[in-house]
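Try each task before you read its solution.

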Amino acid sequence: MSPLERYLIVAALLFGIGLAGALTRRNAILVLAGIELMLTAVNLNLIAFGRYGGHAAPAAGQVFVLFVIAVAAAETAVGLALIIALFRHRRTVQLDEADELRG
Amino acid sequence: MNGLASQLWLVPALPLLAAGVLACLPRGARRLAAGLAIGALAVSLVLSLAALAATWAAPGPEGFRAVVNFPWLVWGEHTLRLGWVLDPLAAAMLAMVSLVGLLIFIYSVGYMAGDENFTRFFCFLSLFAGAMLAVVMANSLVLLFIAWELVGLASYLLIGFWYQKPAAAAAAKKAFLTTRVGDLGLFAGMLWLYAATGTVVFYDGGRGCLESAAVSTLAGRTVTAGLTWSAVISLLVLLGAAGKSGQFPLHVWLPDAMEGPTPVSALIHAATMVAAGVFLVARMFPLFAAAPPGATGTPPALQAVAWLGAGTAVFAALIAVAQTDIKRILAYSTVSQLGYMFLGLGVGGVAVGMFHLLTHACFKALLFLGAGSVIHGCHGEQDIRRLGGLWRAQPITFATYAVGMMALAGVPLLFSGFWSKEEILHAALGWPVSRGPFWLGLTGALLTAFYMTRQMVLVFLGPYRGGAAAGAHAAARPHESPPVMTVPLVLLAVGAVVLGFFGTPAWPALQAYLDPAHAAHLAPDLRRLFSAEVLKLMALSTAVVLSGLALGWWLYGRRPVTDPAAPDALELVQPGLFRLLREKFRVDEFYAATVVRWHAGWAALGDLLDRWCWGGLVWLVQGLALGLAWVSRLVDELAVNGGFDAACARLVRAGRRVAGLSTGRLPSYLRGVAAGALALGLLLLWGGCR
Amino acid sequence: METAFHLLAVGLLVAAVAAMSLRHLVHCALCLVAVFAAAAGLFLTLGAEFLAFAQVLVYVGAISILIVFAMLLTRTRAVDAASLSVRPRALGVTAAGAVAGFVIAAVLTSRALPEKAAAAPAVPVRELGRELMTQQVPALLAVGLLLTAALLGAVVLALREPPAAPSGKEPRA
């Protein structure tokens with residue numbers, strides 16, 4: 001197993017765990033945390049490819065990761081603000097109970 | 001002259017128009033109704049008198065004749081033409097009808113004053129007047145037939161004017177149906193005439209069916225029994241005339257027609273409509289008189305006319321002897337006098353028959369109006385057994401009625417009826433075929449004098465027998481009628497006297513006017529009056545009339561009758577004969593047993609057919625329709641509704657299930673997204689993006 | 001080198017599992033910090049020093065703190081264990097597992113990956129900076145904009161609404 005594959009597998013597993021958490025946890029904040037895990041996995045993937053991918057521009061991967069980190073931070077901030085706003089209105093952050101848009 | 005002739009259509013058109021307007025008026029517009037009707041007929045009278053004067057002043061060797069024809073119906077190469085003719089015959093009839101009609105209209109204003117359907121009465125009267133005038137001036141057999149039927153319709157409407165009375169309604173129906181039988185003959189004759197000559201116009205500049213070309217064609221061809229076509233057509237037309245004029249055996253409707261108001265009886269069933277039959281024969285006389293070239297003797301059609309007339313004259317006079325209703329006596333008298341007119345036409349020609357028609361119109365209208373005055377003055381009493389002694393209470397009526405009675409009976413010299421009957425008897429005496437009609441005519445004259453004397457005595461002389469019967473109303477004494485009724489009586493009485501002087505042998509002005517063959521005698525010449533044969537005949541007929549009067553007086557006048565329930569004097573002498581006469585020779589009963597029963601059978605068959613066959617068909621169709629409707633409903637409810645409902649329910653359920661997907665919960669949505677992304681990735685991977 | 005990798009990888013995964021399944025929220029947050037730290041370590045083994053530090057700065061220093069703050073701000077009564085996860089839990093786990101498995105399978109069977117593990121030279125920070133400022137300037141600017149928007153958005157969203165206005169003029173019916 002090449003180093004690249006190793007990193008990739010780890011990233012895949014991390015991604016799966018993050019997804020599992022996002023899909024199963026009731027607390028909205030933990031869903032966001034899961035999403036962060038997924039993004040971290042993506043970052044790992046990108047850097048691994050940047051290192052071992054054999055591309056002509058090795059810096060591209062790292063730059064991409066930079067942007068991902070920035071966007072993730074922004075997204076987390078906004079998401080948490082949303083959750084707080086939701087909490088103010090419904091006094092809960094359990095996703096089960098936020099089903100007013102039910103069809 | 002041409003101007004007058006071309007405007008002649010106004011004469012019938014104005015009363016018809018008035019009738020149309022009157023039909024739309026409300027019941028209360030009496031003054032307007034009477035005014036319109038009388039006004040229209042007055043204008044027609046003026047025009048008719050103008051036409052009469054014009055034709056009188058312009059005689060020619062052939063007599064005056066102005067004709068206006070126009071095409072009416074065109075199909076293919078055939079044209080049906082209508083038109084009107086102005087000749088002495090038409091002018092005389094126009095004047096008579098409009099004059100007598102006008103007098104009766106005025107009389108009706110008084111007679112019908114108490115009736116609530118005054119306006120409707122005048123509407124029908126106007127309709128009748130217009131139609132009768134059209135009959136008289138028609139130059140086309142089709143137009144004549146149309147107007148003929150209109151006259152019949154007006155008669156039906158007027159006889160049945162008081163339609164709430166079952167007797168009146170039945171009488172109207174009887175009149176219509178009986179004349180219809182005659183009209184069939186007229187129609188058949190018209191069709192044959194059209195088929196044979198190709199035209200129904202009488203006078204058409206040489207092409208008319210009464211002009212020499214057509215007549216000789218018809219006279220030239222024969223059918224069975226050696227009868228020429230002209231004779232057969234004439235006999236068919238005679239059937240129609242006999243129906244309308246109430247000759248035996250189609251006379252049964254005329255006495256029943258007395259159910260109508262008295263002005264109606266006077267106008268229609270004495271003076272004008274019944275005279276239409278006589279007029280028809282007079283108008284179509286060239287056809288009746290047509291004979292094949294080289295033939296001798298009287299044409300069979302004319303012989304039939306003469307015998308029919310003579311027989312009916314005596315037959316009806318006999319029945320009149322035993323009647324007790326004042327109007328019925330006059331009705332049978334009318335039938336009898338019409339018989340005289342037919343006799344006159346048959347033996348003497350147009351002038352003889354028409355002279356009696358004109359005088360009869362005058363004095364018969366007078367008699368009927370007088371009878372109406374009696375009925376009006378005695379508060380509706382019509383039975384002569386309950387009248388009497390009215391000469392004191394109704395003097396004007398009595399006097400005018402006496403004039404009329406003497407004219408009818410043929411009292412000599414002063415009264416028109418004498419002169420016109422003389423002409424008929426004179427012609428009958430000289431008839432080459434047989435003396436039979438002459439003797440029948442004399443017998444009829446005797447009977448006429450007899451029954452009129454009977455009527456006069458019982459109605460006007462002796463004590464008044466009417467108080468005993470009805471309740472409060474009869475207690476009121478009989479009174480004279482208002483002037484609006486008595487003035488026409490007086491005018492007609494004058495006419496009944498004066499008219500005769502236009503037709504004496506000394507000065508046969510009317511005859512010369514009506515029949516160009518007499519034109520040579522136009523200048524008055526008293527010597528003709530004193531010729532041997534004329535004097536002999538006058539003496540004979542005077543003797544007959546006087547003996548009739550005497551017989552009547554001897555039976556009825558010697559001992560005044562006081563009891564209304566007492567048997568008739570004749571009945572005491574000859575009970576069997578009297579009963580037969582009173583029952584009108586049982587002709588009505590005979591018809592009821594045969595024709596009516598036969599017809600009832602057909603009606604029953606028709607009813608059966610209608611109820612079971614057509615009714616059954618209808619029932620079948622109904623069942624079919626209902627069945628189809630039931631099936632349709634079933635299909636609609638089960639298949640359409642049910643299917644639709646089921647589909648909708650399924651749709652709703654599916655929708656609900658799909659709606660279950662939108663839980664509103666984020667995790668499930670995320671799950672969906674993950675699944676979708678997975679699927680997409682798989683697709684890409686194994687789609688060949690390796 | 002190998003051992004560092006294995007240690008870090010295991011630590012990463014265990015901490016991740018813990019973060020996603022622990023009951024107490026703050027424990028989850030702490031595990032999350034561990035995950036991010038392990039990730040930073042892995043970045044180091046890959047030679048991306050700058051990114052490793054950026055990871056620690058941003059993720060551990062800011063995001064985790066944010067999450068903790070959010071947890072503190074949205075505290076309610078204690079939630080019972082039975083309703084920790086969305087029912088049915090198996091669905092989500094299966095889905096995630098399927099995804100992970102799929103990716104691993106793709107990685108293992110892919111022919112596109114280079115065989116030779118030729119390590120690329122480490123990228124100096126200067127190189128990164130030059131890349132950012134020349135090739136990726138538009139993206140940089142866009143991200144700047146995005147961050148600004150996110151900042152503003154977050155502030156607005158989390159703003160406490162003023163109390164409802166006293167009943168003044170009601171709209172006419």
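**Exercise 1. Find how many salt bridges the rule gives across the interface of chain C and chain B.**

Step 1: recall the rule, in which a salt bridge is a side-chain nitrogen of Lys or Arg within 4 Å of a carboxyl oxygen of Asp or Glu. Step 2: apply it across the interface of chain C and chain B, and you get zero salt bridges. Between chain C and chain B, zero residue pairs are in polar contact (both at pLDDT 80 or more). Step 4: turn to contacts, defined as heavy atoms within 4.5 Å. Here eleven residues of chain C touch eight residues of chain B.

A note before you go on: this is a predicted model, in which local features need pLDDT of at least 70 and side-chain atom pairs count only at pLDDT 80 or more, while totals for chains, interfaces and linings use all residues. Residues are numbered from 1 along each chain as its sequence is written, chains are lettered from A and ligands numbered from 1 in the order in which they are written, and side-chain values use heavy atoms, with hydrogens and water left out.

**Exercise 2. State the area buried between chain C and chain B, then do likewise for chain A and chain C.**

Step 1: buried area is the accessible area (1.4 Å probe) that two parts lose on being put together, summed over both. Step 2: for chain C and chain B this is about 800 Å², with 72% from carbon and sulfur atoms. Step 3: for chain A and chain C the area is about 6,600 Å², and carbon and sulfur atoms give 78% of it. A:Arg25, A:Arg51 and A:Gln62 supply 11% of the area that chain A buries against chain C, more than any other three residues.

**Exercise 3. Locate the salt bridge between chain A and chain C.**

Step 1: the count for this pair of chains is one salt bridge. Step 2: its partners are the side chains of C:Glu2 and A:Arg6, at 2.4 Å from N to O.

**Exercise 4. Check the length of helix α5 (residues 118–137) of chain B.**

Step 1: helices are DSSP runs (H or I, at least four residues) and strands are too (E, at least two), numbered from the N terminus. Step 2: the expected span is 1.5 Å times one less than the number of residues. Step 3: the 20 residues of α5(B) should therefore span 28 Å, and the end C-alpha atoms are 29 Å apart, which agrees.

**Exercise 5. Decide whether B:Thr262 is buried or exposed.**

Step 1: buried means under 20% relative accessible area, exposed over 50%, and partly exposed in between (1.4 Å probe, protein chains only). Step 2: B:Thr262 has 1% relative accessibility, so this residue counts as buried. Step 3: B:Thr262 lies in helix α11 (residues 262–271) of chain B. Leaving aside neighbours within four places in sequence, its contacts include B:Tyr111 and B:Phe368. Step 4: look along chain B at helix α12 (residues 273–283), where eleven of eleven residues are buried.

Key
Polar contact = N/O pair within 3.5 Å; in protein donor to acceptor, adjacent residues only side chain to side chain.
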